[in-house]
Amino acid sequence: MMHDSQKEWQPEPVDTVWFIEAPGKANSLQALLRSLGHEVRVQATKGHFMTMPDMLTDTGIDENMHDFARAPKDPVLYRRIRAEARSARNVVIATDADMEGDVIAWDVAEAIRDIHPSPMRVKVRAMDADSIREAMEQALPVRKEDAIAGRARALVDRAIGSAMARKGLGAGRVSCGMLGLVVHGRVSTGRLTLTAEATDGGRPWKLTLPVKSPLTRDVARRLEALPMPDMGIAHSEPFSFSPGHMGDIMVRSSEVLGLKPAQTAAAMQTAYETGRLSYPRATSRGMTRAAARKMRKILGQGFDDRRVKEKAPSDVHDAPHPIGDFNPAHNPERLGEVEGVRILIGRDLVRCGQRHMREYADTTPLKAFLTGKGIPAEVVTLLVKSEWFRESGPAYPGRENYVEQELIDITPEQALLEACMTAGLGKASTWSTHIESFLEKGLVTDRMELTAEGQTMAASLPQDLLNPRLSVAIEGICEKGVALTQDTPAGKEPWEHMAGKIVGSMPARISSAIRSVLSSPQPRVDHRRVMEPSGPENGAGMKQEAS
C-alpha cells in the first residue's frame with residue numbers, strides 16, 4: 001500500500017532531470033543550463049543519501065564484506081529522487097568528479113534502475129558556462145566500475161572502526177594514523193624562522209623549520225636570539241611556484257586569514273557553488289593549458305600561462321582557481337571568508353605565471369659559529385644542511401619584503417594538516433572533517449602532545465594502525481586496485497571482493513580482530529530497510545530484509 005507521504009511529490013513532466021550533490025548549487029546550475037538552451041530541473045541528493053548505522057558497534061557488515069545495513073538516510077528524499085526520475089524522459093547524474101561522487105552517482109543509478117536503466121554521467125568541474133558545456137560534451141553512461149574504489153574504502157574503514165569500537169576504542173583508520181603522527185613526533189606547532197645577512201648586501205637569507213626533533217623549543221629560543229653570520233651565494237637556479245591544491249590553500253588561509261581548515265573548506269565550497277571557484281577539493285598542483293589561459297585573460301599580460309605547472313594526467317581536477325573577474329590587489333583580510341579565500345587563491349596564482357630565481361646560501365660559516373655558541377651537534381648539522389634561500393623576480397601580491405627572525409606557534413589544526421599532507425594521510429575532501437573530529441577527542445594538547453587519554457589510546461591500539469603508512473597503503477589500493485576485482489566470484493559485488501582482500505592482507509592482529517567482529521551474530525531487523533520499486537505509478541515501497 002502507498003502511504004500518504006509517498007504522494008507528496010508529483011512533479012510536472014520535464015524533458016531532463018539533473019541530479020547533483022549540493023543543494024546550494026542547484027539554482028546556479030539550473031540557470032547556467034538554461035542559459036545554454038537546456039530546460040532542465042535539478043535535484044540534489046544532499047551528498048551521500050545511502051548510509052550505514054551511526055553507531056560503529058552496530059557493524060552492519062557480514063563476514064562476506066556485504067554491508068547489509070546500508071539503507072536510505074532519508075526515505076522521503078529517496079522517494080523524491082525516484083519521483084523526479086519518473087517525471088523525466090532523460091536523467092543526467094552530475095555528482096562531483098571524485099571518489100565520493102562516483103559512489104553517489106552509482107547509488108542514484110541503482111535507485112532509479114527500474115525507471116531509467118542507463119542514465120548519463122556528467123562530471124562538472126566548475127560552475128561556469130564553458131565548464132558545463134565541456135562536461136556535457138564528455139558525458140558517458142554511469143559505470144559501476146567507478147564506484148568500486150569508494151565503496152571498498154568505506155567497507156574497510158567501517159570494518160576497522162567497528163573492530164576498534166567493539167574494543168571500546170573510538171578510532172578509525174585515518175584518526176589512528178593521525179594519532180601515530182603525534183606519537184612519533186611528526187606534528188609540530190612551533191615554527192622557527194631564521195635570517196642571515198648576505199655578503200653581497202642583497203636580500204637576506206631565510207630558513208623556516210618546524211620545531212621537532214632534533215630541534216627542541218629551548219634550542220629554538222636560543223637560536224631566535226642569535227644573530228646569524230653573514231653568508232655568500234652557493235648557487236642559483238630558476239624557480240617556479242606551483243598552484244596550490246586544497247591542502248596548500250587551507251594552510252595559506254590559516255597563515256594569512258587565521259581560518260581553520262574547516263572554515264576554508266566551507267568558504268571554497270560556497271564559492272564553487274556560486275560559480276566563483278573551480279572544483280575546490282582538488283589534489284592537483286597543476287592546471288591544464290586551457291585553465292591557465294583562462295587565468296591569463298583575468299590577470300593580463302604579466303601572467304605567462306606557459307609557465308604554470310601542467311596538471312598531471314592522473315589528476316582529475318585542476319588546482320582550485322577563481323572563476324570570473326577578481327582583483328589581486330584587493331586585501332583578502334578585509335573581504336570576508338568566502339571572497340577573502342577566493343582572492344587569496346587568485347593572488348597566489350599570480351606568481352605561478354612569472355619567472356623567478358632562487359639563490360641558495362653557502363652555509364659554511366654556520367658550523368663553527370653555532371658550535372661555538374653551544375648549539376647541539378644534531379641541530380648544527382640540520383641547519384648547515386638545510387636550504388637557506390632568497391628569491392628574486394617580479395613582484396607579486398603578498399610577497400614578503402622583510403622577514404624577521406622569530407619563533408611562533410601555529411594552530412593545532414594547521415600543524416596536523418601539514419603533517420597529514422606530508423605523510424599522504426587522508427584526502428582533500430576529508431582533511432578538515434577528520435582533523436576536527438580528531439581534535440575533539442581530547443587525545444592531544446594544543447601543543448600536539450599526548451594527553452593521559454591519548455597515551456592510553458596509543459598504548460591500547462594495534463601499533464600497526466598507528467603507522468600512517470598502513471592507512472596510505474589502503475587508500476592507494478582502493479584507488480588503483482580495481483584489478484583486484486577481476487576474479488570477483490558470481491553473486492558478490494566487486495567492492496566486497498576488494499575489501500575482503502584488503503582486510504586479509506592487513507597485519508594479523510588487525511585482520512583477526514575484524515574477522516572476529518564480522519563473523520559474530522548481528523541484528524538485521526532495524527537497519528536493512530530499503531526502498532523497493534513497486535511500479536511506475538505507485539512510487540517506492542518499503543521492504544525489510546529477513547534476518
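**View 1. Cys420 is a buried cysteine, with a relative accessible area of 0%.** Here, buried means under 20% relative accessible area, exposed means over 50%, and partly exposed lies in between, using a 1.4 Å probe and protein chains only. The structure shown is a predicted model, in which local features need pLDDT of at least 70, side-chain atom pairs count only at pLDDT 80 or more, and totals for chains, interfaces and linings use all residues. Residues are numbered from 1 along each chain as its sequence is written, and side-chain values use heavy atoms, with hydrogens and water left out.

**View 2. How many disulfides does the structure hold?** The count is zero, where a disulfide is a pair of cysteine sulfur atoms within 2.5 Å. As background, a disulfide is a covalent bond between the sulfur atoms of two cysteines. Cys420 is in no disulfide, and the nearest cysteine sulfur, that of Cys176, is 13 Å away. Cys352 is another residue to look at: it is buried, with a relative accessible area of 1%.

**View 3. Glu273 is buried yet has no salt bridge.** You will find Glu273 in helix 9, which covers residues 261-273. Helices (H or I, at least four residues) and strands (E, at least two) are DSSP runs, numbered from the N terminus. A salt bridge is a side-chain nitrogen of Lys or Arg within 4 Å of a carboxyl oxygen of Asp or Glu. For Glu273, the nearest side chain of opposite charge is Lys25, 6.8 Å away; Lys and Arg count as positive and Asp and Glu as negative, while His and the chain ends are not counted.

**View 4. What surrounds Glu273?** Leaving aside neighbours within four places in sequence, Glu273 is in contact (heavy atoms within 4.5 Å) with Ala22, Gly24, Lys25, Ser28 and Met127. The side chain of Glu273 also makes a polar contact with the side chain of Gln269, at 2.9 Å. A polar contact is a pair of N or O atoms within 3.5 Å; within protein, one must be able to donate a hydrogen and the other to accept it, and residues adjacent in sequence count only if both atoms are side-chain atoms.

**View 5. A cis peptide bond joins Ser213 and Pro214.** Omega is about 10° for this bond. Pro214 sits in the loop between strand 9 (205-210) and helix 7 (217-224).

**View 6. Met65 has a positive phi of about 65°, although it is not a glycine.** Look for Met65 in the loop between strand 3 (50-51) and strand 4 (71-72). Met65 counts as buried, at 1% relative accessibility.
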